Amino acid sequence: MSEIVVVYELDKPVATGTSAGGRRGEERSVRRVHAAPAAPGAPTATGPRTLCGKDTFAMETACWKPSGHPGAPWCPAEYASVVCPDCDAVMEA
């Protein structure tokens, strides 16, 4: 399999109150963690679709690189509860 990029599908922004500068902040929590093949010729850029077929355009790329952690799960441990089951199945195959 080619290089894999971990991407986060985020929830809609939620207002977090007023920041120190007087501006209202927004926070987006991770709804689902997906795996996507890297774009051809660009191992750190995400391809257009996740392994489960979702569009990666509006997703956030994770700093976690599965290839940098041999033997570890493909996704960051703190997001294990929100891993996409379809992406996970492809990664386990």
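Let us begin with a hairpin, formed by strands E4 and E5 with two residues between them. Within the turn, Gly41 adopts a positive phi of about 80°. Please bear in mind throughout that this is a predicted model.

The two strands, E4 at residues 30-39 and E5 at residues 42-46, run antiparallel and are joined by two bridges. Ala38 has Thr46 in E5 as its bridge partner.

Staying with E4, I turn to His34, which lies in that strand. Is His34 buried or exposed? Its relative accessible area is 1%, under the 20% cut-off, and therefore His34 counts as buried. Its side chain makes a polar contact with the side chain of Glu9, at 2.7 Å. Setting aside residues up to four places away in sequence, His34 also touches several others, among them Val5, Val7, Cys52, Met59, Trp74 and Cys87.

My last topic is aromatic pairing. A search of the whole structure returns one such pair. The ring centres of Tyr8 and Tyr79 are 4.9 Å apart and the planes stand at 55°, so the pair is classed as tilted. Which parts of the chain does the pair link? Tyr8 belongs to strand E1, residues 4-10, while Tyr79 sits in the loop between strand E6 (60-61) and helix H1 (85-92); the two are 71 residues apart. As for accessibility, Tyr8 is buried at 9%, whereas Tyr79, with a relative accessible area of 24%, is partly exposed.

Thank you; I welcome your comments.

Key
Residues are numbered from 1 along each chain as its sequence is written. This is a predicted model: local features need pLDDT of at least 70, side-chain atom pairs count only at pLDDT 80 or more; totals for chains, interfaces and linings use all residues. Side-chain values use heavy atoms; hydrogens and water are left out. Helices (H or I, at least four residues) and strands (E, at least two) are DSSP runs, numbered from the N terminus. Buried means under 20% relative accessible area, exposed over 50%, partly exposed in between (1.4 Å probe, protein chains only). A polar contact is a pair of N or O atoms within 3.5 Å; within protein, one must be able to donate a hydrogen and the other to accept it, and residues adjacent in sequence count only if both atoms are side-chain atoms. Contact means heavy atoms within 4.5 Å. Rings of Phe, Tyr and Trp (its six-membered ring) pair if their centres lie within 6.5 Å; planes under 30 degrees apart count as stacked, over 60 as edge-to-face and the rest as tilted. Two strands pair if DSSP finds at least two bridges between them.
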